[in-house]
Each structure stands twice: as C-alpha cells, then as structure tokens.
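Dear colleague,

I am passing on the structure below, together with an account of what was found in it. Please keep it open beside the text as you read.

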Amino acid sequence: TANKGTALMVCRSCGKKGDHWTAKCPYKDLVDTLDRPPTSDGPAALNDPAKSSYVPPRLRKDAVYQDGGHDMRRRNDENSVRVTNLSEDTREPDLLELFRAFGPVSRVYVALDQRTGSSRGFGFVNFVQREDAEKAISKLNGYGYDNLILHVEWATPRPSN
C-alpha cells in the first residue's frame, strides 16, 4: 500500500522516483537512457560510467580532436609563425590571403579584443610544411601591409602545464 505523499511514478529518462515526469526530466538532455530500465538512484547514475552510455565528445572514436583533448583550433608550435604589428582591421581571411602564397596553411588565428571586436595587433599562422613557414618569415618580415610594417617570426612554444 502506498502512503500519502509518496509517488508511484518513475521517470523513464533518469530513473528518479516521483520528483518529476519523464517529459519534464531535467536530466533527459544529459543522457539517453530510454533503452535502459529505470534505476532508483536517479541522477547519481549519470556520473557512474558503468551505468551511463554517454561518451564525452573528445573521447568518441570519430572525434576531430583526439590528441589529448586539443582541438583543431589549437596551434601546432612546430610550424607556427607569429605575426605582429597588424592593424585593427585585420581579420583571419586577410592573413590567409597574404600567407597562402608561400604554401598550404593549416590554421590562421588573429587575436581579437573581446569588447571592441577589433584586432589586438597579433596573430598566428600555421603552415603544413616548415619550409613554407621559413619562406614566409624571410619574405614578409618587414613587409608593409595595411600601412604598417609586419614583424613575422617563429612562434615561441607554449609552456607545458
């Protein structure tokens, strides 16, 4: 027999008893559990990898960035060139157009001010081949671009944490 105030309903999404209905489950977007029978421990089951079918995006087999969680936007220090003295109007397509004449470019990044959206005056260009980066440095260091003289050099490696 059920006591007054106890719920007989079990959420099919998270398995929690009585607190909410399946359609209003606050945990339904976190885990797809409709294939499993409900459990009585509710949201605690979401944190247990043995009870969950959720796989974080960086650990999925088709993940674009499987090298320890580094995504494609992160620079490869080996072939990375730092460009300074950029004008406020410079954007990533501008740098791509300038640097791709020296060889295939894998990534272009221009640092932008978060408040104004204008360039902070520096950026990075990653080349597929180190030789192409060397050519770009020798030709573009001291080059006049957008009424400023560019300073192009090898990017210093990021400190390892």
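In what follows, two strands are taken to pair if DSSP finds at least two bridges between them. Please bear in mind that this is a predicted model.

On that criterion, four strands form an open sheet in the order E2-E3-E1-E6, with antiparallel pairing. E2 and E6 stand at the edges and have a single partner strand each, so one side of each is left without a neighbour in the sheet. On average, and with direction ignored, neighbouring strands of this sheet are turned by 20° against each other. Within the sheet, E1 and E3 run antiparallel and are joined by five bridges; Arg82, for instance, has Phe124 in E3 as its bridge partner.

The chain as a whole has two helices and six strands, which follow one another along the sequence in the pattern β-α-β-β-α-β-β-β.

Both helices can be described in relation to the sheet. H1 lies across E1, E2, E3 and E6, and runs at about 140° to E2, while H2 packs on the sheet by touching E1, E3 and E6, its direction making about 150° with that of E6.

In H1, the buried residues are Leu95, Leu98 and Phe99. Seen down the axis of H1, these buried residues fall within an arc of 85°, so they line one face of the helix. They pack against E1, E2 (105-112), E3, H2, E4 (144-145) and E6.

In H2, which spans residues 130-140, the buried residues are Asp132, Ala133, Ala136, Ile137 and Leu140. Viewed down the axis of H2, they fall within an arc of 140°, so they too line one face of their helix. The cover over them includes E1 (80-84), H1 (92-99), E3 (119-127) and E6 (151-154), whereas the face of H2 turned away from this buried side carries the exposed residues Ser138 and Lys139. After H2 comes Gly142, whose phi is positive, near 90°.

Finally, some totals for the chain. Of its 161 residues, 31% are buried, and the chain exposes about 11300 Å², of which carbon and sulfur atoms supply 50%. Among the contacts between residues at least 6 apart in sequence, 50% join residues that are at least 24 apart.

Conventions: Residues are numbered from 1 along each chain as its sequence is written. This is a predicted model: local features need pLDDT of at least 70, side-chain atom pairs count only at pLDDT 80 or more; totals for chains, interfaces and linings use all residues. Side-chain values use heavy atoms; hydrogens and water are left out. Buried means under 20% relative accessible area, exposed over 50%, partly exposed in between (1.4 Å probe, protein chains only). The arc is that of the directions from the helix axis to the C-beta atoms. Contact means heavy atoms within 4.5 Å. Accessible areas come from the Shrake-Rupley method with a 1.4 Å probe; for residues, only the protein chains shown count as cover. Axes are lines fitted to C-alpha atoms, for helices over the stretch in contact, and angles run from 0 to 180 degrees between N-to-C directions.
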